[in-house]
Amino acid sequence: MTAPELDALRLLVLVGELGSIGQAAAVLGTTQPSASKRLSTVERRLGLVLIDRTRRGSVLTPDGRVIAGWARRVLDELGGLLDGAEALRARHQAGLRVAASMTPAEHLVPVWIGELNRTNPGLRLGLEVTNSDQVAELAREGKVDLGFVESPGALPGLTSLKVAVDHLVVVVPGAHPWARVSRPLTPAELASTPLIVREPGSGTRETVDNALREAGVGPVKPLLELGSASAVRNAVIAGAGPAVISALDVADPGLVPVAVEGVDFGRTLRAVWPEGRRLAGPAAELLALAVRRDLDPFPTS
């Protein structure tokens with residue numbers, strides 16, 4: 001037995017409600033002859049008389065009322081399916097939520113997002129820029145789909161994947177005495193000098209503290225604590241003092257890089273998302289773009 005067409009089921013239900021094939025046809029935007037033909041086709045397929053056609057109108061037969069009841073349930077279920085599909089589509093169209101700490105947000109994520117937008121022109125994407133601790137917390141709580149951090153520490157509750165390698169550099173303004181020193185600084189000299197630093201929770205701050213501890217000279221001594229990489233960079237240019245910043249930020253002529261011996265300022269930039277969650281859709285595509293590039297801006301070879 002071939003299943004009736006959905007429009008024919010709608011016609012049958014409307015005939016039961018309105019008592020007229022003509023009125024049912026008008027509701028569905030078709031002609032009465034076309035509606036009558038569809039209903040006759042349903043009756044032939046089911047082998048049942050569903051409509052009693054009289055001069056006063058059309059009414060459903062007892063079998064027709066049973067079939068119409070079942071048809072109404074089918075149409076209601078179909079409506080639920082379509083509503084659910086629309087909700088899913090709207091959720092996907094809501095876009096991709098990304099958070100990133102300062103260095104990847106300023107230098108790397110925009111490139112990846114640009115590539116993603118070229119293949120997903122209708123995608124709406126929100127990028128929140130904050131420090132690494134906050135990015136990790138947003139990802140852990142499911143408030144973003146994907147995060148990018150520069151923190152070297154453990155990330156409980158999150159899955160992480162390397163996407164890039166970065167290197168930190170000591171910088172000073174041109175008038176600073178270190179700008180004229182021909183030899184590398186020692187770890188002790190750096191650790192004993194107050195520096196312009198990022199706030200606690202920043203990946204850059206954590207990397208500097210860890211590197212100095214591993215060199216056996218303790219954490220950094222803050223001169224100023226500032227909330228963004230650009231604020232640190234501008235403070236150095238203005239002559240406030242030295243700082244340790246990403247090599248990606250050392251492009252201004254007002255910044256003079258200073259070598260330091262015996263301190264490893266390399267770090268890994270990572271993508272993070274909730275542990276146990278499988279990335280899909282635009283989030284998976286963005287991660288694939290980031291991993292494919294696996295960018296080391298300053299290769300050693």
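**View 1. Ser101 and its polar partner.** The side chain of S101 makes a polar contact with the side chain of E150, at 2.7 Å. A polar contact is a pair of N or O atoms within 3.5 Å; within protein, one must be able to donate a hydrogen and the other to accept it, and residues adjacent in sequence count only if both atoms are side-chain atoms. This is a predicted model: local features need pLDDT of at least 70, side-chain atom pairs count only at pLDDT 80 or more, and totals for chains, interfaces and linings use all residues. Residues are numbered from 1 along each chain as its sequence is written, and side-chain values use heavy atoms, with hydrogens and water left out. S101 sits in the loop between β3 (96-100) and α5. Helices (H or I, at least four residues) and strands (E, at least two) are DSSP runs, numbered from the N terminus. S101 counts as buried because its relative accessibility is 1%. Buried means under 20% relative accessible area, exposed over 50%, and partly exposed in between (1.4 Å probe, protein chains only). Neighbours within four places in sequence aside, S101 is in contact with T130, N131, S132, V135, F148, V149 and E150. Contact means heavy atoms within 4.5 Å.

**View 2. The loop residue G201.** G201 is in the loop between β7 and α9. Its relative accessibility is 16%, so G201 counts as buried. Leaving aside neighbours within four places in sequence, G201 is in contact with N131, S132 and D133. G201 and D133 are 68 residues apart in sequence. In space, their C-alpha atoms are 5.1 Å apart.

**View 3. The two sides of helix α2.** Helix α2 spans residues 21-28, and I21, A24 and A25 are buried there. These residues lie on the same side of α2 because they cover an arc of only 100 degrees around the axis. The arc is that of the directions from the helix axis to the C-beta atoms. An α-helix has 3.6 residues a turn, so residues three or four places apart point the same way. On the other side of α2, A26 and V27 are exposed. The buried residues of α2 pack against two helices, α1 (6-18) and α3 (32-46), and two strands, β1 (51-54) and β2 (57-60).

**View 4. The ends of α2.** S20 lies in the loop between α1 and α2. S20 caps the N-terminal end of α2, with a side-chain oxygen 3.2 Å from the backbone nitrogen of G22. At 17% relative accessibility, S20 counts as buried. Beyond its neighbours within four places in sequence, S20 is in contact with V15 and S58. After α2 comes G29, whose phi is positive, near 75 degrees.

**View 5. S34 in helix α3.** S34 is in helix α3. S34 is partly exposed, with a relative accessible area of 27%. S34 and G22 are 12 residues apart in sequence, and their C-alpha atoms are 9.9 Å apart in space.

**View 6. The cavity.** The structure holds 1 cavity of 30 Å³ or more. The largest cavity has a volume of about 120 Å³. Of the 15 residues that line the largest cavity, R198, T204, V232, V244 and I245 are the closest to its centre. On a 1 Å grid over the protein atoms alone, a cavity is a set of points where a 1.4 Å probe fits but cannot get out; lining residues have an atom within 4 Å of a point. Grid points are joined across faces, edges and corners, and a volume is the space filled by probe spheres set on the points.

Note on methods. On a 1 Å grid over the protein atoms alone, a cavity is a set of points where a 1.4 Å probe fits but cannot get out, and a pocket is an open set with protein on both sides within 12 Å along at least five of seven lines; lining residues have an atom within 4 Å of a point.
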